[in-house]
Amino acid sequence: MFDVVIIGAGPVGLAAGIEAQRKDLDALIIEKGALCNSFLGYPTRMEFFSTPERLEIGGYPFSTRDYKPIREEALDYYRRVAVAEDLNLNLYEAVTGLRGRDGNFTVETEKDTYEARKVVVATGFYDIPNRMDVPGEDLDKVRHYYKEPFPYALTDLAIIGGGNSAAKAALACYRHDANVTMIVRSEEIDDGVKYWIKPDVENRIEEGSIEAYFNTTVDAIEDDSLHLDTPEGPAQIENDFVLALTGYKPNYDLLDRLGIAIRDDEARTPVHDEEGETFETNRDGVYLAGTICGGCDTSRWFIENGRFHAEKIVNHMIARLDAEPVTA
Ligand SMILES: Cc1cc2nc3c(=O)[nH]c(=O)nc-3n(C[C@H](O)[C@H](O)[C@H](O)COP(=O)(O)OP(=O)(O)OC[C@H]3O[C@@H](n4cnc5c(N)ncnc54)[C@H](O)[C@@H]3O)c2cc1C
């Protein structure tokens, strides 16, 4: 029996693994994909908003070539930390369910089952895109993840969304000779877009280099066009590719299978003790860590602040483990 099984090997799951091991807990991290799997979906050579010291875990210094780390440096850093700490990792094994109770859980995966006294859920939010639910959304030309501008050079590209990802993708693709049209549901580029990106994209829109429809939604996607609902009425534009950068949400189906209740608030927050900072959910002995804590408010917890959940969770867990006998 493991003292703790941690679900997810993102930065926060790794931080929890380090914290548990350093406090002599027998920990297993189970990850459905690669190490730091979410980062694989980020744009190639993407620059993080955070400076490197704010992404560090386990006290390992993260030195980068430039002022801000890029995706590849972060992937390298977390891998080296995982190796240095000799973390116990099962990769490419999705957790599918959880039986039992506090002190005596059975974690079910697609391959096996594992006994654990405690469970930490650090599954992030990046696997399930927010769908527009319009006809044509499942066509091959529609993508919910942006990697790089090269596939879109000299094509008619629609970018749906007005946040950071949409703004960055629009600028990069425009600068690689795509004919970019942004389709934004609200009346302007999001206020949350970083201060060094917002004026750039707004100026490109103003000068007409990037076309933008505000207060506009997509009605339907066809092979060579898009149907829009604009304030001036329906419009149809020529289109080769759609990048639907409309955000992502946690896997609520998995949370349900893990027995974690969801609050009836706007963010659909998974129930956990945030006030007492134990991060324990409604299911005793099961904790949440990292971005998943915010539910659909995916910008509330990120690496910078989510990495600190690990110590609080492990301290709470240890206090409880010390008090309870192992049940077989
Ligand atoms: C484009 C972009 C840029 C960002 N830049 C920054 C930044 O500059 N600074 C910052 O602090 N944050 C940034 N963030 C946010 C940050 O990346 C996330 O908040 C961070 O990854 C959270 O870490 P996590 O460990 O909670 O979740 P994740 O990194 O998402 O890790 C969750 C892991 O759980 C795994 N998993 C999911 N379901 C299962 C299952 N059923 N079984 C097993 N494993 C499972 C996933 O495969 C994944 O590896 C950025 C996010 C994006 C999208």
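How do the residues of the shell around the ligand divide into nonpolar, polar and charged?

**Figure 1. The shell around the ligand.** In this predicted model, the ligand is surrounded by 34 residues. The closest are Gly8, Gly10, Val12, Gly124 and Gly290. Helix 1 (11-22), helix 2 (37-40) and helix 7 (303-306) are the elements that give two or more residues to this shell. By residue class, the shell comprises 16 nonpolar, 14 polar and four charged residues.

**Figure 2. The two domains of the protein chain.** The domain assignment gives domain 1, made of residues 2-128 + 248-323, and domain 2, made of residues 131-244. A distance of 32 Å separates the C-alpha centres of domain 1 and domain 2. Five residues from domain 1 and six residues from domain 2 take part in the contact. On the side of domain 1 that touches domain 2, two residues are nonpolar, three are polar and none is charged.

Figure 3. Strand 12 and strand 13 run antiparallel and are joined by four bridges. One example is Val218, whose bridge partner in strand 13 is Leu228. Strand 12 and strand 13 also form a hairpin, with three residues between them. Strand 13, which covers residues 225-230, pairs with strand 14 in the antiparallel sense over six bridges. Here, Thr230 has Gly233 of strand 14 as its bridge partner.

**Figure 4. The hairpin of strand 4 and strand 5.** Strand 4 (residues 95-101) pairs with strand 5 (residues 104-109) in the antiparallel sense, and six bridges link the two. Among the paired residues is Val95, which has Thr109 as its bridge partner in strand 5. The hairpin has two residues between its strands. Within this hairpin, Gly103 takes a positive phi near 90°.

Methods. Residues are numbered from 1 along each chain as its sequence is written. This is a predicted model: local features need pLDDT of at least 70, side-chain atom pairs count only at pLDDT 80 or more; totals for chains, interfaces and linings use all residues. A residue is near a molecule or strand if its C-beta atom, placed from the backbone, lies within 6 Å of it. Ala, Val, Leu, Ile, Met, Phe, Trp, Tyr, Cys and Pro count as nonpolar, Asp, Glu, Lys and Arg as charged, and the others, Gly among them, as polar. Domain bounds come from an automatic or database domain assignment. Two residues are in contact if their C-beta atoms, placed from the backbone, lie within 7 Å. Two strands pair if DSSP finds at least two bridges between them.
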